[in-house]
Amino acid sequence: MATTAKVDATEEQARALVEESRETTWAKPSFAKEMFLGRFRLDLIHPFPEPPAADTARTEAYLRRLRAFAETIDGAAIERTAKIPDDVVRGLAELGCFGLKIPEEYGGQGLSQVGYNKALMVVGSAHPSLGVLLSAHQSIGVPEPLKLAGTPEQKREFLPRCAKGAVSAFLLTEPDVGSDPARMASTATPTEDGQGYELNGVKLWTTNGVVAELLVVMARVPRGEGHRGGISAFVVEADSPGITVERRNAFMGLRGIENGVTRMHNVRVPRANLIGREGDGLKIALTTLNAGRLAIPALCTAAAKWSLKIAREWSATRVQWGRPVGEHGAVAAKLSYIAATTFALEAVLDLSATMCDEARNDIRIEAALAKLWASEMSCSIADELVQIRGGRGYETAASLAARGERAVGAEQLVRDLRINRIFEGSSEIMRLLIAREMADAHMAAAGALVERDAALKAKARAAVGAGGFYAKWFPQLAVGPGTVPASYGEFGALATHLRFVERMSRKQARALMYAMARWQAKLEYRQGFLGRVVDIGAELFAMAAACGRARALRAADSPEADAAERLADTFCAQSRLRVRRLFDALWDNTDDADTALTRAVLDGRVRWLEDGVLDPSEGTGPWIAEWQFGPSTEPNLLTPFLPSTKTTAHP
């Protein structure tokens, strides 16, 4: 009899797994960590870091070849057919696009994170599904986990194949498991001969899974004699006996992505294909995302740049009431917002990527802030572009072309960008993850004070220890360079914004300390408060990056220096307004009322409010489809783009 797959986990078990999997040490400095502690360490990002000249020249040479090919891609055909043509994939493979970050010794291009981001921006602007194809393969697929935790043998075996075009996919999510991996049901059972594992389970939303040759699979190894157990990561051949791609999913946007449902039944995997140790799978995944998350800001920045181009050209051409629409105040404000925010998006992206390449700083918070902020702001930009375009913004590119007008897919941009607020951690989950990291020093100092189940004696002892930390730390939050008018004078007119950032860094640190004293262990449930503190930090990070980039252009005597200063100045002025609103909302909000009303909604006490409409979805299926362990009854939809790169049959 088939067994229904379901693993129950308590809130404490889920929290413990995440805590066990996160990196607990800070061996390198972190600008964002210091900022959340109220210490504005401008020296960590200024002078604005720049890639080595030789690396830049090499990247630009590659981008010229890539751009020439990308200009031949028919993005409209991908949108129309919801498929990436095989010849496009072959062209990308011939250019080495599947090995952009893979070291040259393994047949890759060996690009830096900065170069990789720029390549994604070029390809993603031809059609966003292409950017997802490459980033899912390299940022979270086989290459990155192996670079971080793979053995020399694994790197020699798999990285050259990935560089040649063996597309890879990352299999973590399950039908009933999203951001809570403690409930993962897929298993990796050690074989009796001790030479491998048998994988069983079903994975959902497997980006690239329909066309993959290689997979990174997360599955739970049972704890037992000689086995540490826990969620573990494996490299798996996608055509292994027992693997079936049962569905190709369709979405609101990104219509060319090959995202599916994959079933595994008694799939044998060699022991040599375990990445790292048993139980390290989630830690490897989280570490991979430190740099992997920067792919999303790259694609978001590309979208913002295109939006600026379209908005500028349209607003100068379209005439209403005797003037171009861009000269009317309502539209001018939108253009200013798009331009200023695009400048900041690129500054945040370049700063984060260069720090990643330099490896001098711990960027786990910076990368997460970049992903969160870029995904939110790019969606806002796309919405403003649709509004600027009016009815034409709502009309599809195909319809516009059929009427003889320029095929501008503004509505497609809205659809394609929307997933970035969900991909690789939803905005809500990202805020919680960042909040945990920003509070790390406080939790270490407070100890049992912020543990819900701690005994009173333990809390008393923790209070003594915390007192020593806060006695030294809190007085530093009273004054700083931001209160001195001459501070940051080398930034000229932008110095006032950096003084603002410094003052607000101390202010949000004080706010967080007050919240910890007020709510203690219950602070983790104050997600509205924590989210606003994180959003404040994201804005401050973006302001610092924008000012730093503008100053770097001035120092280099760039012809764009004047325009860059204006962009940075305007962005910071706009950001200040958002920061002030967020600070006001820390204490003046409807959080408690929202919680109370939500209980009433969930309890069904306002069901009457739903009367008077139809629900066409009723009766079409359960909210979450149950699945069972066992062999597939569906045809296998696996269709790799390219011929196999395997030289010998896998075990």
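Mentor: Pro-47 lies in the loop between helix H2 (31–36) and helix H3 (53–70), and in this predicted model a cis peptide bond joins Pro-47 to His-46.

Trainee: What is omega at the bond between His-46 and Pro-47?

Mentor: Omega is about 0° there, and the bond is cis. Such a bond deserves a remark because most peptide bonds are trans.

Trainee: Why is Trp-205 called partly exposed?

Mentor: The relative accessibility of Trp-205 is 49%, and because buried means under 20% and exposed means over 50%, with partly exposed in between, Trp-205 counts as partly exposed. This residue is found in strand S3 (residues 196–207), and its phi is positive, about 55°, although Trp-205 is not a glycine.

Trainee: What makes Glu-424 partly exposed, and where is Glu-424 placed?

Mentor: Glu-424 has a relative accessible area of 21%, and since the cut-off for buried is under 20%, Glu-424 is classed as partly exposed. Its place is in the loop between helix H16 (410–418) and helix H17 (427–438), and Glu-424, which is not a glycine, also has a positive phi, of about 50°.

Trainee: How do you know that the span of H3 agrees with its number of residues?

Mentor: At 1.5 Å a residue, the 18 residues of H3 should span 26 Å, and the end C-alpha atoms are 25 Å apart, which agrees.

Trainee: Which residues of H3 are buried, and why are they said to line one face of the helix?

Mentor: The buried residues in H3 are Asp-55, Thr-59, Tyr-62, Leu-63, Leu-66, Phe-69 and Ala-70. Seen down the axis of H3, these buried residues fall within an arc of 110°, so they line one face. They pack against helix H5 (86–94) and helix H6 (113–126), whereas the face turned away from the buried side carries the exposed residues Ala-53, Ala-54 and Arg-64.

Trainee: How many helices and strands does the chain have, and why is the chain called as compact as a globular protein of its length?

Mentor: The chain has 23 helices and ten strands. Its radius of gyration is 26 Å, close to the 26 Å that the globule rule gives for 651 residues, so the chain is as compact as a globular protein of that length. Of the 651 residues, 54% count as buried, and along its principal axes the C-alpha trace spans about 75 × 70 × 65 Å.

Key: Residues are numbered from 1 along each chain as its sequence is written. This is a predicted model: local features need pLDDT of at least 70, side-chain atom pairs count only at pLDDT 80 or more; totals for chains, interfaces and linings use all residues. Side-chain values use heavy atoms; hydrogens and water are left out. Helices (H or I, at least four residues) and strands (E, at least two) are DSSP runs, numbered from the N terminus. Buried means under 20% relative accessible area, exposed over 50%, partly exposed in between (1.4 Å probe, protein chains only). The expected span of a helix is 1.5 Å times one less than its number of residues. The arc is that of the directions from the helix axis to the C-beta atoms. Contact means heavy atoms within 4.5 Å. The radius of gyration is taken over C-alpha atoms; the globule rule is 2.2 Å times the number of residues to the power 0.38.
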